[in-house]
Every structure is written in C-alpha cells, then in structure tokens.
Amino acid sequence: MPAEAEHRSAAIVSVVVPTFNRLRFLRPAIESVFAQTFADWELIVADDGSDLETKQYLQALADDPRVTVIWLPHTGKPSMVRNAGVSKAAGEYIAFLDSDDLWAPRKLERQIETLRERVNCRWSYTAFLQVDESGDALPEEARRPWIPHEGDILEQVVTGRAQIRTPSVLASRELIAQAGGFDEGLLSGEDFDLWLRLALRSEVAIVDEPLVYVRRHPNSHTSDWQSAFAGRDSFLKRHQQLVGGRRRALMREERMRNALKLAATHAELGAQGRMFRALWESLAYSWTYPRWWLGGIKTVLLRPLLPRRLLEFHRKRRRGA
C-alpha cells in the first residue's frame with residue numbers, strides 16, 4: 001500500500017478546504033492548519049477551477065504526503081466543492097475550513113478533547129471572531145451578543161439563535177454521511193441545512209472559546225439575499241415533512257417568520273410586486289398566525305414610506321450625519 005494511503009487511513013481528522021483563487025487568504029488559511037497542536041490530520045483541498053497562480057501553489061502543497069488536492073472544473077457552488085472533499089475524507093472526523101478563514105492553533109485539539117469526553121455528542125462547534133482583511137477584529141464584534149448552545153440544539157438551529165459558522169464545525173465522518181452531506185440543490189444556506197440535519201441526529205458539544213477567525217472582506221463569496229431567503233424556506237419546508245409534533249410546528253413558524261422578513265426587505269427596496277408575492281406565497285402555511293397578519297398589514301401600510309426612509313438614511317450617511 002502507498003505511504004500516502006497508509007497515512008490517510010490513520011488520520012483522525014480530515015480537514016476539507018474548498019477554494020477558488022483568493023491566494024492572498026488561502027496561504028494563511030492553510031498555514032493555520034499546519035500550525036495545529038493536534039497533528040493527526042490530513043488536508044483535502046478541493047479546487048473549484050482556480051487560476052494558474054493558485055494551482056501552482058496547490059501543486060507545491062501536494063508534495064506533502066498529508067495533503068490531497070482535488071482538481072474540479074469551476075462550478076461556483078460551495079456545496080458541490082465541499083462534498084467533493086468529503087468524498088475523499090478518510091478521518092474519523094471531518095473539519096471544515098473556508099479558504100479565507102483561520103484557525104487558532106489549539107482549535108482541533110480542544111474539539112477532539114471535548115468530543116472524547118462527551119461520548120453522546122458526535123459533532124462540535126466553537127465560538128468565533130469576525131475579522132477584517134488584515135485579521136483584526138471588526139469593531140462590532142465587541143457588541144455582538146454570544147450565547148453558547150449545546151446538547152439538543154435543534155430549536156436554536158432552526159431559529160438561528162445558535163451561531164454556527166462552517167469553519168468552527170468538526171463532526172464524525174459517519175454522522176455527516178448519515179445526514180447526506182451538503183445539499184447541492186441549494187443555492188444558499190446549505191451549511192445551515194446540514195447543521196439542522198446533524199442536530200436531528202446527535203447532540204452537539206461546544207468549545208466556548210473563539211478558536212476560529214471568520215474573515216469579512218469585499219471579495220467574500222456570498223449568495224444574493226433573495227437566494228438566502230429561498231434556501232432557508234426550502235430546507236425548512238423539506239425538514240418540516242420529516243418530523244412531527246412540536247418540531248414540525250417550530251419549522252412551520254420559522255417559515256412564516258422568514259416570509260415576513262422577505263416581504264419587509266422587498267418593501268424597503270420599493271419592490272411592491274415582490275412584496276405582495278412573498279406574502280401571497282406564504283399564505284398557505286402562515287394564515288393561522290396572528291403575527292403573520294399583523295406583520296403583513298404593517299409592511300403593506302408602511303411600504304410608501306420605507307423607500308423614502310431608506311433614501312434619507314443613505315443621504316445622511318454620505319453627509320456623515
């Protein structure tokens with residue numbers, strides 16, 4: 001058996017990094033893996049058709065027997081790229097790291113320790129810190145509320161109260177396989193969809209330390225906001241059919257909240273037709289909620305004022321008011 005295959009089969013953690021260019025951020029992201037105090041890992045980089053400079057860097061990186069590079073044609077779909085990496089993983093656990101984010105040196109060590117202690121938990125996440133292009137904490141981080149949730153957190157995942165970021169998650173490979181990996185049919189929200197499916201199958205252990213640095217910069221790969229609302233509704237609708245009782249009611253109510261937010265966002269942007277469409281399409285599963293009626297009426301009545309207020313807000317910002 002080749003030495004590389006022997007190492008991969010022995011690795012405890014498979015680290016999956018999807019990437020498309022962004023070499024400036026990719027280098028420190030990879031370096032943060034090599035700097036881990038927990039050394040029993042393999043690194044799988046799934047390249048989504050990057051440019052020549054990035055490919056040359058990855059080719060040199062692949063000289064290390066711990067590193068595997070998967071060359072893919074460009075798709076622009078993080079779910080497909082991550083799944084390609086997951087399919088090659090041989091570790092007992094899988095950890096995810098986006099190509100512009102960073103790990104603190106003890107990230108894997110602390111999570112493995114925690115999961116070994118919490119045998120009823122098959123996945124884990126950590127606290128995180130949002131940073132800028134230079135790696136400095138964003139000013140708003142000092143004000144961002146943080147409440148750690150662990151154990152059975154399905155309700156907190158559904159409602160968004162559990163703040164889980166992809167680079168903070170480490171889960172058993174078996175659990176991810178049972179959950180079906182990332183849903184490649186979703187244009188947005190595929191990560192939260194997977195966390196929901198993990199939460200349906202296992203309690204979660206938290207490491208309440210900011211061991212992950214999530215970078216915010218102009219070139220972040222983010223989906224448009226309409227896809228985010230559509231993706232959230234899609235996976236809530238699907239899972240609503242798979243559970244019963246209080247959990248089904250919870251997901252139905254969250255779909256209602258999601259629809260109200262979508263309608264209000266359209267109203268703020270002056271898209272009245274889309275606002276009415278969002279309300280109409282949500283009527284079938286929302287009409288029993290008084291909050292939906294009150295929120296819908298408020299959105300409709302205030303729609304002439306919202307674009308004007310939004311315009312005034314931007315004018316004040318430009319004037320420095």
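Predicted model: local features only at pLDDT ≥ 70, side-chain atom pairs only at ≥ 80, totals over all residues.
Local features here need pLDDT of at least 70 and side-chain atom pairs count only at pLDDT 80 or more, whereas totals for chains, interfaces and linings use all residues. Residues are numbered from 1 along each chain as its sequence is written, and side-chain values use heavy atoms, with hydrogens and water left out.

Visitor: Which residues are buried in helix H3 (residues 52-61)?
Guide: Helices are DSSP runs of H or I with at least four residues, strands are runs of E with at least two, and both are numbered from the N terminus. Buried means under 20% relative accessible area with a 1.4 Å probe and protein chains only. By that criterion, the buried residues of H3 are Thr54, Tyr57, Leu58 and Leu61.

Visitor: Why do the buried residues of H3 line one face of the helix?
Guide: The arc is taken from the directions running from the helix axis to the C-beta atoms. The buried residues line one face because, seen down the axis of H3, they fall within an arc of 95 degrees.

Visitor: Over how many bridges do strand S6 (residues 121-131) and strand S8 (residues 203-215) pair?
Guide: Cys121 stands opposite Glu203 in S8. S6 and S8 pair in the parallel sense, over 10 bridges.

Visitor: How many residues of the lining of the second largest pocket come from H11?
Guide: Lining residues have an atom within 4 Å of a point of the pocket, which on a 1 Å grid over the protein atoms alone is an open set of points where a 1.4 Å probe fits, with protein on both sides within 12 Å along at least five of seven lines. The lining has 14 residues, and helix H9 (225-240), helix H10 (245-268) and helix H11 (272-286) each supply at least two. The largest share comes from H11, with 6 residues.

Note on methods:
Buried < 20%, exposed > 50% of the residue type's maximum accessible area, 1.4 Å probe, protein only. Pairing = 2+ DSSP bridges.
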